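Visitor: Hi! Could you walk me through the ligand site and the pockets here?

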Amino acid sequence: MAECIFCRIIAGEIPATAVYEDAEIFAFRDINPAAPTHILVIPRRHIGTLNDTGEEDRALLGRLLEAARVIARDQGLVAGGYRVVMNVGEGAGQSVFHAHLHVLGGRPLAWPPG
Ligand code: 5GP
Ligand code: ZN
């Protein structure tokens, strides 16, 4: 059994509410939403953080952003605006070390974030 909680979600060992999936990407609702809509977009392949990616991951990184755009549209976030965030490292608030994008929307989003 994988130790990574997001790998376990992809494997179906931990339930999650999926909102998008394709051959390389899985997206589901955050268990502790920070906004009315809060989706996590993850690669199916385990990658710890953005720091662990390289040239060979260019296409995958692009697809993650593309998925975020499609999800934002499908979730009705475009008119009100939305945020796509990747926390990289503990100091930036990363708590699950399987790289992921947060897609947040449905309320006004202040800048800068905390
Ligand atoms: P990070 O802090 O690493 O940027 O984001 C991790 C996110 O994963 C957090 O927003 C947290 O609420 C979410 N999360 C942690 N465990 C689970 C889980 O088991 N299921 C779901 N759906 N989200 C989770
Ligand atoms: Zn993982």
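Guide: Happy to; we'll go from the ligand to the pockets. This is a predicted model, where local features need pLDDT of at least 70, side-chain atom pairs count only at pLDDT 80 or more, and totals for chains, interfaces and linings use all residues. Residues are numbered from 1 along each chain as its sequence is written, chains are lettered from A and ligands numbered from 1 in the order in which they are written, and side-chain values use heavy atoms, with hydrogens and water left out.

Visitor: Which residues are closest to ligand 1?

Guide: R29, D30, G93, S95 and H102, out of 16 that surround ligand 1 (a heavy atom within 4 Å).

Visitor: And what lies 2.8 Å from an oxygen atom of ligand 1?

Guide: A polar side-chain atom of H102. For H100, a polar side-chain atom lies 2.9 Å from a ligand 1 oxygen, and a backbone N or O atom of S95 is 2.7 Å from one.

Visitor: What classes make up the shell around ligand 1?

Guide: Seven nonpolar, seven polar and two charged residues (Ala, Val, Leu, Ile, Met, Phe, Trp, Tyr, Cys and Pro are nonpolar, Asp, Glu, Lys and Arg charged, the others, Gly among them, polar).

Visitor: Switching topic: which element gives the most to the lining of the second largest pocket?

Guide: α1, with three residues (helices are DSSP runs of H or I, at least four residues, numbered from the N terminus). The lining has 10 nonpolar, seven polar and two charged residues.

How values were computed: Polar contact = N/O pair within 3.5 Å; in protein donor to acceptor, adjacent residues only side chain to side chain. Helix = DSSP H or I, 4+ residues; strand = E, 2+ residues; numbered from the N terminus.
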